[in-house]
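Take a look at the structure below. The paragraphs after it go through some of its parts one by one.

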Amino acid sequence: MLDAAFLVRRQAPGLVLSGFCYAGGLAFGLAVSAALLVQAGVPADALVDEFLIATFLTSDGLAQTVTAALPLVLVGLASAVAMRVRFWNIGVEGQLWLGAVAATWLGIAGGGPDGLRLPSMLLLSAAMGAAWIAVPLVLKLRFGVSEVISTLLLGSVAFLLVQHLLFGAWRDPATGFPVTAAFAQAARFGALGWGQLHAGLYAVLVVAALVWFALEHTRIGFYADAVGLNARAARANGLPVTGTIVGLVLLSGALSGLAGMTIVAGTEHRLNQSVGSGYLFSAIVIAYLARARPLWVVVVAVMLGAVFTAGSVLKVFYGISEGMIVLVQGTVLISILMAQFFSTYSLSRPG
Amino acid sequence: MMRPAGAPGGREATSPGVPLALDLSGVGKSFDGRPALSDASFALAWGEVHAIVGENGAGKSTLMNVAAGVYAADEGVQTIDGEPISPRSPMEATAAGLGMVHQHFRLVDSFTVAENVLLSLGRRGAVRTVAQASAAIAAKAKEIGLPVDPARIVADLSTAERQRAEIVRVLLLGARILVLDEPTAVLTEEEAKALLSFVRRLAGQGHAVVLITHKFREVAGFCDRVTIMRHGRTVLAGAAVAELDEGEVARLMVGETLTTGGRPASTPGDVRLSVSDLTLSAGPHAQGLASIGFDLRAGEVLGIAGVGGNGQEELVSCLISLSRPQQGTMLLAGRDVSAASPRERRRAGLRVIPSDRFDSGLIREFAIAGNLALSTVSEGAFGGPLFLDRARMRKAAATAIDAFDIRGATPARQTGLLSGGNAQKVLLARELDTGMTVLVAHSPSRGLDMKATQFVRSAIRRAVEGGAACLLISEDLQEVLSLSHRVAVMNRGAIAGCRGIDEVTPEWIGALLAGHA
């Protein structure tokens, strides 16, 4: 008799229970995804091959997975740090585009000593990402404008700006396609000699370590949690509420901008119309599944990198559409979120 | 005693042979082990307006919520029109003839009045379309003489209009007993008068009306009988209004004897907190403050009594700088902190126990160690300008948990899992530190059991005896009277009066609480 039962919030869900729920959700999501892919024409025996072996257990596959994970780590962190102060950054792609534009400007224009080219690209892309999110931030703090709308819409503005540049001043004169000319060698991350993996790896590792340290071992993380969970109590207890929000939101924009830079300087070596697409959804998925914890962001980003890698293989060899890959991501996310529900509530049937 | 023309005398409301409209006896109800009602009773006759009065938390609304099926009683007997009933839902109670109009109306804002009525009627009866509902509303409104426009959207209605819509809705559902929970609290003087006159007419037509209130004026002017409640018990059952005077009612509400023991044994010293001309304009959901001023001395407790919602929350909010008053000055130990941030006021020695501890005091989801360190991390208590030594934070928390005997607590445990009393101890452990010179305590023992209440009060007492100054804002009159050296009463955002504890009488407090100085 379900109509005589109601849900009771569990006081403190145990580790084992949560572990089982997450594992169950993941297994369920993967099973449904597998069924979807088989339905779409992928032979069942190829799934394990493409998803596990080709993405983690071969050298080439692993290199590709890690390469794909680099910008995902950055956008995941971007989403996570903003989430910690309850700022919904739905404009990750916009800030990523601006970072990519900034990096491209230095990448194709040249100038300055070669040794400073990559560092200045890193700095400028981070600054542009932060500048792009500063607009919604000011609008929210000053006028109470919802950041969900303003960051999302500014994402579209950023994409139109990129189109404007690609169809205008920055169009590659050699081909006439809406892409920029290739970057000079000094503006590219060097290859590490393992698949496509490039020196951007070091930058991402350093940045991730810094964010992890700041959030877990300094006051910043403490302030962020206090502000995110109860801003009134934080203010009443003398915490720098506005300062914390401004700092972490700008950091979020900067991380997105850096992600754009690692893509154009690491793998594409030019700006085109597709470098930034798909990252918004991934960023939110990663931050949610990692519960905004930096270390987990890195783990989840690598997993998602594997899905991307497998997805591109499926696309090429089995004619699976891009939308199918997004569908797989969504299925896994929803399954895990539903599993979270089971670890949070129990069913009670009063006598 | 004066009564307006047209109001009835104290007529004999019960006559043999005719069943009572509503009879409640031996009603007990506890929330989380704390009794809200014990052995409460109430008898309502047809054709009368019956007032239930009492302080906040006396159990008036709880008793009527039991009668209306909102809460299930733990024990007790109820009859409606002579028929035994224990309603398990408001729908059941309304079907038996009892309908309640709550302080917060139960209407869908985006629907019209007619749609709301249709929604409540469901599939019962003859009314099945909006047109039929509109016709029924118009007919009912005409019959009882209460103007209600069925076609208007609830969101566009004034508070008084919503209230009328709610009354008509409840009557259309079949209620012949109408329970109104503090109906005039949200109305202007004129609107209140119109409503109360309507209530009299309704009783004249044979309905029975229960009026929950704390305003003696309404009792004297418009009610036949009055029942007084205190601490969950009925202390005066159905006395004829004509035989009572205001002083008697105030005394019964507050208690025969004013408890005056347990005050801190310290004599007031220098002025620690000086507030003058504090003025805040009213917001859509907030009471304004009208030129509040007081001085608070070291070693002194200044108690502020008053019915909740008269500006207490807003006053605390201004004192801790979460709200910015339009004018007024505030001095802490002689230093002007009128424009200071919460952090600067904290540094100047101000500490706060807010009425809702999880609103501006504690963070529910935080570990206990985090809440204990909430105000000191930014002062560098756990490592240099940047770092946070979480191990040291946990160690300090373990010490505080021992010192304040916080049961069921470990430094890493989530604060929201503690019982109310132990969560309050976390707050006390943080606020009653060595830097505290002025303590603002707002209903510090609200919702706590006897033992926790005593713990809180003796902690405040010790702090004041140690030289702190305490502003005690509480709706619990006993608490104010037993701890304070001076007592002020707040009403409609202003301080209605202030006296030394020796000059405080129940009549004086009763009159100020009810709003006539």
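**A walk through the two chains**

Strand β19 (residues 486-491) of chain B runs antiparallel to strand β20 (residues 494-500) of chain B, and 6 bridges join the two. One facing pair is B:Met490 and B:Ile495, the latter in β20(B). Together β19(B) and β20(B) make a hairpin, with 2 residues between them. In that turn, B:Arg492 has a positive phi of about 45 degrees. This is a predicted model.

Now step back to chain B as a whole. Its domains are domain 1 (22-97 + 174-254), domain 2 (108-173) and domain 3 (271-514). How far apart are the C-alpha centres of domain 1 of chain B and domain 3 of chain B? They lie 34 Å apart. Domain 1 of chain B puts 13 residues into the contact, and domain 3 of chain B puts in 10 residues. On the domain 1 side, helix α8 (residues 246-254) of chain B gives the most, with 6 residues. By class, that side of domain 1 of chain B has 4 nonpolar, 4 polar and 5 charged residues.

Next comes a sheet in chain B. Here 4 strands form an open sheet with antiparallel pairing, in the order β2-β1-β4-β5. β2 (34-44) and β5 (83-84) of chain B each have a single partner strand and stand at the edges, so one side of each has no neighbour in the sheet. Strand β4 (residues 75-80) of chain B pairs with β5(B) over 2 bridges, in the antiparallel sense. In β5(B), B:Glu83 is the bridge partner of B:Ile80. A helix lies across β1 (22-31), β2 and β4 of chain B: helix α1 (residues 60-67) of chain B. Helix α1 of chain B runs at about 115 degrees to β1(B).

Two residues of chain B have a backbone angle to note. B:Asp39 is in strand β2 of chain B. Its phi is positive, near 55 degrees, though B:Asp39 is a residue other than glycine. B:Glu182 is not a glycine, yet has a positive phi of about 40 degrees. B:Glu182 sits in the loop between β7 (177-181) and α6 (189-204) of chain B. With 19 C-beta neighbours inside 10 Å, B:Glu182 counts as partly exposed.

Turn to chain A. Its domain assignment gives domain 1 (14-41 + 321-343) and domain 2 (59-319). The C-alpha centres of these two domains of chain A lie 26 Å apart. In the contact, 8 residues of domain 1 of chain A meet 8 residues of domain 2 of chain A. The domain 1 side in chain A divides into 5 nonpolar, 2 polar and 1 charged.

Chain A also holds a helix pair. Helix α3 (residues 59-84) of chain A and helix α10 (residues 241-268) of chain A pack with axes 7 Å apart, at an angle of about 170 degrees. Therefore α3(A) and α10(A) are roughly antiparallel to each other. Residues of α3(A) in the contact include A:Leu70, A:Pro71 and A:Leu74. Among those of α10(A) are A:Leu255, A:Leu258 and A:Ala259. By class, the contact has 15 nonpolar, 6 polar and 1 charged residues.

Why does A:Tyr279 count as buried? Because A:Tyr279 has 26 C-beta neighbours inside 10 Å.

Last, the chains meet. In this contact, 17 residues of chain A touch 22 residues of chain B. On the chain A side, α8 (219-229) and α9 (231-236) of chain A are the elements that give two or more residues. That side of chain A has 8 nonpolar, 6 polar and 3 charged residues.

Key. Residues are numbered from 1 along each chain as its sequence is written. Chains are lettered from A and ligands numbered from 1 in the order in which they are written. This is a predicted model: local features need pLDDT of at least 70, side-chain atom pairs count only at pLDDT 80 or more; totals for chains, interfaces and linings use all residues. Domain bounds come from an automatic or database domain assignment. Two residues are in contact if their C-beta atoms, placed from the backbone, lie within 7 Å. Ala, Val, Leu, Ile, Met, Phe, Trp, Tyr, Cys and Pro count as nonpolar, Asp, Glu, Lys and Arg as charged, and the others, Gly among them, as polar. Two strands pair if DSSP finds at least two bridges between them. A residue is buried if 20 or more other C-beta atoms lie within 10 Å of its own, exposed if 12 or fewer, and partly exposed in between; C-beta atoms are placed from the backbone. Axes are lines fitted to C-alpha atoms, for helices over the stretch in contact, and angles run from 0 to 180 degrees between N-to-C directions. Angles under 35 degrees count as roughly parallel, over 145 as roughly antiparallel, 65 to 115 as roughly perpendicular and the rest as oblique.
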